[in-house]
Amino acid sequence: MSLQENAYSYLKKEILAHHFDYQKVYSATKIANQLSISRTPFRNALQNLSQEKYIDIIPNKGFMLHRLTEKEVIEMYEVRSAIESYSAYYLLQNQQQNFAKDITSKLKKSLLKQAKIIEKDDITFSKEDFNFHRILVSSTKNQVFIDLHNRYSYMIKLLAINAYKNSNRKKEVIAEHQQIYDAIMSKDATLTLTSVLDHINSPKNLDLKTIRHQINI
């Protein structure tokens, strides 16, 4: 792993673990020195994190955690709804193809894993939650879709972790994933599309309340 990748992975892990404060400006130089990473690879890691909406770079000062806006969240839901509903429909239409059989097998394995790790920490569960969706989008083999979906991975996981604060949300996630899987396997196009859209949009109101609170901190 390169120095840039080390810095990127470290910062992403710390952010997801809530070890950074929204109201604080962090010194890039200080953290780079603590990690024994030179300025250029660390700066490149920050640029990547900024593009993915983890942080905002403050010129000549360092960086802060990025505060999501309602517009960003709504746009994310709209993009996900478009990409994932198409992906599920594409998978349904090509179900007899070898690649589709491989994808549905991976989706089933993800469902089983989700059930096994439901009592684990939220970060661990969020990774497998996202993985289910990543597998679904990968079925299209459309690299533009895959890259765009991956770009939203942080927002998706962050908002999912917040939604898990509802004690029943993890169980609901698994049930909704199961419904998507079952609809695809039954070749019911209408149920497939509505299952995907309902699942993606179900926590939207809760997420928007969180964003409003975050903006007003």
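pLDDT is the predictor's confidence in each residue, on a scale from 0 to 100. The protein you see above is a predicted model, in which local features need a pLDDT of at least 70, side-chain atom pairs count only at pLDDT 80 or more, and totals for chains, interfaces and linings use all residues. Residues are numbered from 1 along each chain as its sequence is written, and side-chain values use heavy atoms, with hydrogens and water left out.

**Confidence**
- The protein has an average pLDDT of 90, and 94% of the residues score at least 70.
- Where pLDDT is low, the predicted coordinates should not be read in detail.
- Helices (H or I, at least four residues) and strands (E, at least two) are DSSP runs, numbered from the N terminus.

**Helices α4 and α10**
- Helix α4 (residues 70-93) packs against helix α10 (residues 189-201) at an angle of about 150°, with the axes 9 Å apart.
- Here, axes are lines fitted to C-alpha atoms, for helices over the stretch in contact, and angles run from 0 to 180 degrees between N-to-C directions.
- The two helices, α4 and α10, are therefore roughly antiparallel (over 145 degrees; under 35 is roughly parallel, 65 to 115 roughly perpendicular and the rest oblique).
- Residues of α4 that meet α10 include Y77, R80 and L92, and their partners in α10 include A189, V196 and N201; contact means heavy atoms within 4.5 Å.
- This contact of α4 with α10 involves nine nonpolar, four polar and two charged residues (Ala, Val, Leu, Ile, Met, Phe, Trp, Tyr, Cys and Pro count as nonpolar, Asp, Glu, Lys and Arg as charged, and the others, Gly among them, as polar).

**Helices α6 and α7**
- The axes of helix α6 (residues 122-138) and helix α7 (residues 143-151) cross at roughly 165° and come within 9 Å.
- That angle makes α6 roughly antiparallel to α7.
- F130, H133, R134, V137 and S138 of α6 touch F145, I146, H149 and N150 of α7.
- Four nonpolar, four polar and one charged residue make up the contact of α6 with α7.

**Two loop residues with positive phi**
- Most residues other than glycine have a negative phi.
- S36, though not a glycine, has a positive phi of about 55°; S36 sits in the loop between α2 (28-34) and α3 (39-51).
- K53 is not a glycine either, and has a positive phi of about 70°; its loop joins α3 and β1 (55-58).
- S36 is exposed, at 63% relative accessible area, while K53 is partly exposed, at 32% (buried means under 20%, exposed over 50%, partly exposed in between, with a 1.4 Å probe and protein chains only).
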